[in-house]
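Subject: Structure handover and notes

Dear colleague,

Please read them with the structure open beside you.

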Amino acid sequence: MGNLKIKELSKIGYTDNQLRSLVIGIASKHFKHHTHEALLALLTDIKNQPEKYLTDPVAGKIAEKIIGKPAEVPFSVHELLNEPLHYKTYGGKHIEEAAHKQMELAMQLPVSVKGALMPDAHMGFGLPIGGVLATRQAVIPYAVGMDIGCRMALTIVDESDSYFNRYGYQAKQALKNHTHFGMEGGLDTRQEHEVLDSQIFRELAFLRPLHGKAVRQLGTSGNGNHFVEFGVIELAENNALHLPAKRYVALLSHSGSRGLGAAIAKHYTQLAMNTCKLPRHAQPLAWLDMQTEAGQEYWLAMTLAGDYARACHERIHANLLKALDLKGLCTVENHHNFAWQDTLADGQEVIVHRKGATPAYQGELGIIPGSMTTPAYLVSGKGTEESLYSASHGAGRAMSRQKAKDSITVSAMKKLLDKADVTLIGGSVEENPMAYKNIDQVMEAQHALVDVQGRFTPKIVRMSKE
């Protein structure tokens, strides 16, 4: 190998003096046996594609110098409050201690302002399911949860409850043909919706590769307790929908933002944990400051995931009604895993996280489901400030999935379904009705939060087959 000349190095892009001396030193020590041409070719390749060589014990030193050391991520360190702030609990006697422990930890965050625990509360990840938390200028990705924008949608149909005597089979076939559950795959027909054209998909670099999956999964539902079901709703006298008080066919769905929301949650939870350092047991509750670029970015991505979840429900309802030639009279819908900007009664501006809780502002409509054999309730909020204008998001689990699996056989679950006159498509023993709290006890515990406008009874239920 002849000596490398500075002019030759400049020609192939090595213009920095420190970099050139590093290359000359490394070449004379490690690349003595390369021909001059081979060495120049190698150095050209390192210059053009340094990331390819980062793991190479020798060439990696040159590659690192070209790329430059990654900037240290600036982080801030925070201590917890000595004592948790007080939070209001509804239906306390049916709430496990572990959920209280999680809520107390959240109330020790220095950014926490106010909190409440709903009567369906049980242990979750980060914030308990059924936990509501108001923070000062901070958003906690893990307190919104993995399934951002998980929500309910109810369409009341212009048919009486005798519809199922005549068209029960067709309704069952429509659920089989026009819904899709689970992590992979999608519907047979490509779904269109304006949410897919959102420029946020292009503006946030990490979302670009997720667009294809969002297209495939549009109009589908996840695993676990997600469902699409036909049933009968009995509306109360003088209901908030201004519909005659009688029994109607209704379509009810529960699901969220699919793979898109999960990817957003993972990405920003990690970012929050890297930049906001808390004691180890509280680290998942790391927050993003709303004044920072990361906080603003998460807000945009979270809002997109919520819009995408809404779009999934819109496509599910439109496809099923069209397939059965049914006419919707009205639709009621609500998020229950989301964060909202709000102002408290004392004028404080806060971010309200509802992790498995239904917004219940004065007169706001929402849906609180039970289980595959028990009622769901159409409610209107009473605007109770102590609950942070919230109510439960369902009956809430009484058993873990594993315990539910161990507690009942498939044939025993079938008996429960037969007794309730419910047809189940898919579903698993993990979601059996006994795994949930008593929905009527949960509703009783929150009469100060919501008024019941209607009672929905499931008839044909579709869930993921696990």
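Predicted model: local features only at pLDDT ≥ 70, side-chain atom pairs only at ≥ 80, totals over all residues.

Residues are numbered from 1 along each chain as its sequence is written, and side-chain values use heavy atoms, with hydrogens and water left out.

**The five-stranded sheet**

Helices (H or I, at least four residues) and strands (E, at least two) are DSSP runs numbered from the N terminus, and two strands are said to pair if DSSP finds at least two bridges between them. On that basis five strands form an open sheet of mixed pairing, in the order β2-β3-β4-β13-β12, with β2 (88–89) and β12 as the edge strands, each pairing on one side only. The contact of β2 with strand β3 (residues 112–122) is parallel and has two bridges. Strand β13 (residues 349–355) is itself mostly covered, with six of its seven residues buried, where buried means under 20% relative accessible area, exposed over 50%, and partly exposed in between (1.4 Å probe, protein chains only).

**Strand β6**

In strand β6 (residues 151–157), seven of seven residues are buried. In a regular strand the side chains alternate between the two faces of the sheet. Both faces of β6 are covered, with Arg151, Ala153, Thr155 and Val157 buried on one side and Met152, Leu154 and Ile156 buried on the other. Seven antiparallel bridges join β6 to strand β8 (residues 247–255), and threonine 155 has leucine 251 of β8 as its bridge partner. Strand β11 (residues 328–335) is likewise joined to β6 by seven bridges and runs antiparallel to it, with arginine 151 opposite histidine 335.

**Rings and charges**

The structure holds six aromatic pairs, counted where rings of Phe, Tyr and Trp (its six-membered ring) have centres within 6.5 Å, with planes under 30 degrees apart taken as stacked, over 60 as edge-to-face and the rest as tilted. One of them is the edge-to-face pair of phenylalanine 206 and tyrosine 268, at 5.5 Å centre to centre and 75° between the planes. Phenylalanine 206 lies in the loop between α8 (200–203) and α9 (211–217) and tyrosine 268 in helix α10 (residues 258–275), so the pair ties together parts that are 62 residues apart in sequence. Tyrosine 268 is buried, at 0% relative accessibility. Phenylalanine 338 and tryptophan 340 also form an edge-to-face pair, at 5.3 Å centre to centre and 70° between the planes; phenylalanine 338 is buried at 8%, whereas tryptophan 340 is partly exposed at 21%. Ring pairs also link Tyr163, Phe164 and Tyr167 into a cluster.

A charge is taken to sit over a ring if NZ of Lys or CZ of Arg is within 6 Å of the ring centre and within 35 degrees of the ring normal. Lysine 88 lies over the face of tyrosine 90, at 5.5 Å from the ring centre, and the charged end of lysine 277 sits over the ring of phenylalanine 75, 5.9 Å from its centre.

**Two loop residues**

Aspartate 325, in the loop between α11 (293–323) and β11, has a positive phi near 55° and is exposed, with a relative accessible area of 70%. Aspartate 421, in the loop between α13 and β18, has a positive phi near 60°. Most residues other than glycine have a negative phi.

With regards
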